[in-house]
Structures are given as C-alpha cells and as structure tokens.
Amino acid sequence: MSKILPAAVLTAFAVSAVTGCSSSSTTATATITGTEAMRGQATGAAAVSGQNGPTVPLTLTGPVNTTSSFTPPNSNATHVTVTFKTPAGNMVVNAVAPDAGQNPVPNATTCLMTQTNDATYVVVPAKSTGKFAGATGSGKATFYFTAFAPKLADGKCDTSDNAQPVAKGAVVTFTATGPLTIKP
C-alpha cells in the first residue's frame with residue numbers, strides 16, 4: 001500500500017505539471033489587439049516653451065492605458081525614431097513626417113501662425129519595453145501648433161528665426177491613433 005500512495009501522488013503531480021505547462025504556454029502566446037490612442041494638449045506658456053518645441057503631456061488609451069509626453073524631435077528630418085516613455089514601458093516608433101521641415105508663416109495682418117504636421121508611424125517591437133515589448137502596430141499622428149508672432153515697433157510681424165511666439169492664446173496638440181497588438 002505504501003507503494004501505491006507515492007505512485008498516486010506522482011501521477012497527480014505529473015497531471016498537474018502537464019496541465020500547468022499547457023496553460024502557461026497558451027497564456028504566453030495570447031495577444032491583445034485594439035486601437036491605441038494618444039492625445040494631449042499644452043496651452044499658453046507651455047505651448048511655446050522648450051528649445052526644440054513644447055512638451056505635450058499625453059494620455060494613452062487602448063490595449064495599454066498609461067501616460068507619456070511628446071517633444072518634437074530636434075531636427076527637420078522627415079524620418080525619425082521617437083520613444084514614448086511611459087510608466088508601463090517605452091513604446092518606440094519609426095515615424096515619417098513629410099512636412100516636418102516646414103515652419104509656420106504668420107498672417108501678415110493678424111500675426112497668427114498655424115502649423116499642422118501629419119505623420120505615419122510603425123511600432124518597433126525589438127526596441128519597445130515593458131508592456132510594449134514585442135508590440136506591433138502602426139498608425140497616424142498629427143501635431144498642431146497655433147500662436148501669434150510678436151509684433152515689431154512698426155506693427156509688422158516679427159518673422160525672424162529667433163522670434164519667440166506669444167504665449168497668450170498659444171495652443172499645441174498631439175494626437176495619434178492606430179492598431180496595437182501586445183503580448184500581456
């Protein structure tokens with residue numbers, strides 16, 4: 001009888017081990033797919049600050065709900081790699097923004113300037129971390145900026161390269177959306 005009990009325990013252990021392996025491998029290959037959206041806005045002084053441009057606080061919703069920020073890359077390059085650092089990990093994307101090198105031109109009468117940069121992006125699974133590690137996806141993003149250029153003493157708009165936009169009424173928004181597949 002003492003030999004039957006250990007055999008029964010070993011059989012039960014073997015069955016639970018096989019079942020455990022089976023369920024963990026199923027869980028490891030499961031994925032979650034949904035639309036990941038990033039949205040954010042900065043106004044006033046926050047919309048015209050920063051050496052490269054403003055830093056826009058972002059809220060991410062979809063397969064990964066978290067927060068991040070976006071600061072325009074320090075170049076006029078149309079192809080860039082952007083890292084969205086979040087508490088849930090980093091989402092790294094390769095982006096293409098054909099109109100990235102264009103600067104806003106103020107209206108000669110009102111000095112209001114606006115700029116919209118559209119981009120497409122693809123998530124880089126091997127460089128992303130945390131909940132974004134191994135993630136795949138793509139999407140479209142829009143960076144929108146509006147502010148008044150300062151006026152010179154003669155009433156004309158200051159269009160010089162070092163002219164600082166007026167904070168009052170300045171707005172910058174960043175939105176992005178696209179499918180994202182993560183491995184939980």
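In strand E6 (112-123), the bridge partner of Asn-94 is Val-122. This contact belongs to the pairing of E5 and E6, which is antiparallel and runs over 4 bridges. Strands count as paired if DSSP finds at least two bridges between them. Strands themselves are DSSP runs (E, at least two residues), numbered from the N terminus. The model is predicted: local features need pLDDT of at least 70, side-chain atom pairs count only at pLDDT 80 or more, and totals for chains, interfaces and linings use all residues. Residues are numbered from 1 along each chain as its sequence is written, and side-chain values use heavy atoms, with hydrogens and water left out.

E5 also pairs with E4, in the antiparallel sense and over 8 bridges. Here Thr-83 stands opposite Val-92 in E5. A hairpin of 2 linking residues joins E4 to E5. Strand E1 (residues 32-43) and strand E2 (residues 56-61) pair in the antiparallel sense over 3 bridges. Arg-39 has Thr-59 in E2 as its bridge partner.

These pairings belong to an open sheet. The sheet has 8 strands in the order E3-E2-E1-E8-E7-E6-E5-E4, with antiparallel pairing. E3 and E4 are the edge strands, and each pairs on one side only. Neighbouring strands are turned by 25° against each other on average, direction ignored. Axes for this angle are lines fitted to C-alpha atoms, for helices over the stretch in contact, and angles run from 0 to 180 degrees between N-to-C directions.

Aromatic contacts were examined next. The structure holds 4 aromatic pairs. Rings of Phe, Tyr and Trp (its six-membered ring) pair if their centres lie within 6.5 Å; planes under 30 degrees apart count as stacked, over 60 as edge-to-face and the rest as tilted. The ring centres of Phe-70 and Phe-84 are 6.2 Å apart and the planes lie at 25°, so this pair is stacked. Phe-70 lies in strand E3 (residues 66-70) and Phe-84 in strand E4, so the pair ties together parts that are 14 residues apart in sequence. Both Phe-70 and Phe-84 are buried (under 20% relative accessible area, with exposed over 50% and partly exposed in between; 1.4 Å probe, protein chains only). Ring pairs link Phe-70, Phe-84, Phe-143 and Phe-174 into a cluster.

On a 1 Å grid over the protein atoms alone, a cavity is a set of points where a 1.4 Å probe fits but cannot get out, and a pocket is an open set with protein on both sides within 12 Å along at least five of seven lines; lining residues have an atom within 4 Å of a point. Grid points are joined across faces, edges and corners, and a volume is the space filled by probe spheres set on the points.

The largest pocket holds about 1200 Å³ of space. Its lining comprises 50 residues, of which Asn-52, Gly-53, Asn-103, Pro-104 and Gln-115 lie nearest its centre. E6 gives the most to this lining, with 6 residues. By class, the lining of the largest pocket has 30 nonpolar, 17 polar and 3 charged residues. Ala, Val, Leu, Ile, Met, Phe, Trp, Tyr, Cys and Pro count as nonpolar, Asp, Glu, Lys and Arg as charged, and the others, Gly among them, as polar.

The structure holds 1 cavity of 30 Å³ or more. The largest cavity has a volume of about 40 Å³. Residues lining this cavity include Glu-36, Met-91, Tyr-121 and Leu-180. E1, E6 and E8 each supply at least two residues of the cavity lining.
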